[in-house]
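Here is a short report on how this protein is packed. Start with one side chain, then widen the view.

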Amino acid sequence: MKYITWTLAVLILLGGFGYLVLSHKNAPASGEPIKVGVSTILTGDYAALGENIVQTAKLAVAQVNAEGGIDGRPLELVVEDAGLDSKTGLAAAQKLINVEGVKYIIGGTSSNGTLAAAPLANENKVIYMTPVTGGTNVDNAGEYIFRVANGDTLAGKDLADAALKLGFKNVATVTEVTEYTLDLKKSFESEIGKGGGTVVVSEEFQPGTDDFRTIVAKVKAKNPDAILIVSQTGIGGAYFVKQAREAGIAAPFMSDFNFVLNTSAKDIVGSFEGIYFADPAYDADATTTKVFFAKYQETYGTPPFIAFHAASTYDSVMLIAGALKAVGDDSQRVHDWLTTSVHGYTGLMGTYSLDTLGNSDLGFVVKVIRNGKPERI
């Protein structure tokens with residue numbers, strides 16, 4: 001009976017998705033296409049992340065085109081591999097802008113790649129909208145750089161607020177030296193101080209580090225109530241947690257979603273049990289989100305690899321399409337519309353606004369792994 005009920009629910013959701021498309025459908029778009037670039041990770045260990053973004057963008061573009069496109073003009077995706085590094089991220093942007101003539105890019109890549117592409121996008125008045133998290137450098141990367149997803153500084157703030165509420169007054173921080181992780185650490189430490197707590201030890205390490213014995217000894221000597229450990233991919237953090245546990249440190253660990261999503265990190269640690277982490281907020285309970293995720297499952301045979309990435313990618317396509325419908329195929333006018341007209345916008349990420357710098361005000365939900373599953377605290 002449960003299976004039948006779930007099957008009917010999915011059919012209803014998929015029918016609802018079809019209705020959303022067909023009820024607004026005009027003549028299929030058939031004019032000169034408007035190119036939308038997708039610059040994301042397509043190779044290496046994180047290719048599944050990029051595949052998730054590309055597949056979501058394809059579904060969103062198909063929906064826009066089925067509804068008539070932009071005044072009869074279809075959106076056309078142009079996809080490039082941006083990798084995880086600055087060099088590849090810049091090369092992808094260069095090809096999209098200089099070779100393909102793209103004026104609207106969804107940049108689902110690392111902060112380093114986004115920052116490398118930013119000067120080129122700003123110079124050419126190309127909308128570069130990232131559906132992944134970003135820190136203050138991304139927030140301030142220029143007027144044509146937009147961030148629909150959650151801000152990294154809010155991850156630090158929300159983790160610190162949770163730590164204080166849980167009674168973790170004396171904390172340690174161990175941070176990999178990258179743009180993303182340092183932003184999170186600085187925000188966390190600032191909020192701890194504002195809340196009356198104390199950072200008893202603050203240590204940093206370089207990417208690729210796997211020997212943490214010296215840092216572990218320093219942390220253990222301070223006997224903190226909790227330890228914030230953040231690394232770019234989660235691998236460095238995994239080695240630290242493993243060695244800290246082996247040294248007898250019993251304090252709870254706090255981290256980000258990259259850590260608990262990384263199966264290689266889990267293999268190193270053995271278990272994520274009891275680890276607190278900041279999970280990007282999106283509107284998982286909204287009917288529109290459930291309908292779209294059911295369509296994703298039906299189309300690709302699997303749920304989105306990272307749910308909030310799919311939600312924010314879908315919203316990115318729809319915001320660009322909405323701007324194009326409102327002001328036409330003019331990237332400068334699209335920029336002006338996005339920075340002045342997106343207030344209380346309701347999408348799959350929830351209800352949010354874009355500020356004058358093009359950044360959303362979305363935060364994070366702090367969760368803990370209990371019995372092998374994430375649980376909101």
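The model is predicted. Begin at Phe 240: leaving aside residues up to four places away in sequence, Phe 240 touches Val 174, Phe 212, Ile 215, Val 216, Val 219, Ile 227, Ile 229 and Phe 253.

Phe 240 also belongs to the largest nonpolar core, which has 96 residues. It is among the residues with the most contacts inside that core, alongside Leu 75, Val 219, Ile 227, Met 254 and Leu 338. Helix H13, residues 307-327, gives the most to this core, with 13 residues. A second, separate core has 14 residues, including Ala 93, Leu 96, Ala 117 and Ala 121. In soluble globular proteins, nonpolar side chains tend to be buried together.

Now the whole chain. The protein has 14 helices and 14 strands. The radius of gyration is 21 Å, close to the 21 Å that the globule rule gives for 377 residues, so the protein is as compact as a globular protein of that length. Of contacts with a separation of 6 or more, 70% join residues 24 or more positions apart.

Overall values for the protein are listed below.

| Property | Value |
|---|---|
| Span of the C-alpha trace along the principal axes | about 70 × 60 × 35 Å |
| Buried residues | 53% of the 377 residues |
| Accessible surface | about 16,000 Å² |
| Share of accessible surface from carbon and sulfur atoms | 52% |

Terms used. Residues numbered from 1 in each chain as written. Predicted model: local features only at pLDDT ≥ 70, side-chain atom pairs only at ≥ 80, totals over all residues. Heavy atoms only, no water. Core = buried A, V, L, I, M, F, W, Y, C linked by side-chain atoms within 4.5 Å. Buried < 20%, exposed > 50% of the residue type's maximum accessible area, 1.4 Å probe, protein only. Helix = DSSP H or I, 4+ residues; strand = E, 2+ residues; numbered from the N terminus. Contact = heavy atoms within 4.5 Å. Rg over C-alpha atoms; globule rule 2.2 N^0.38 Å. Areas by Shrake-Rupley, 256 points an atom, 1.4 Å probe, with all protein chains shown as cover.
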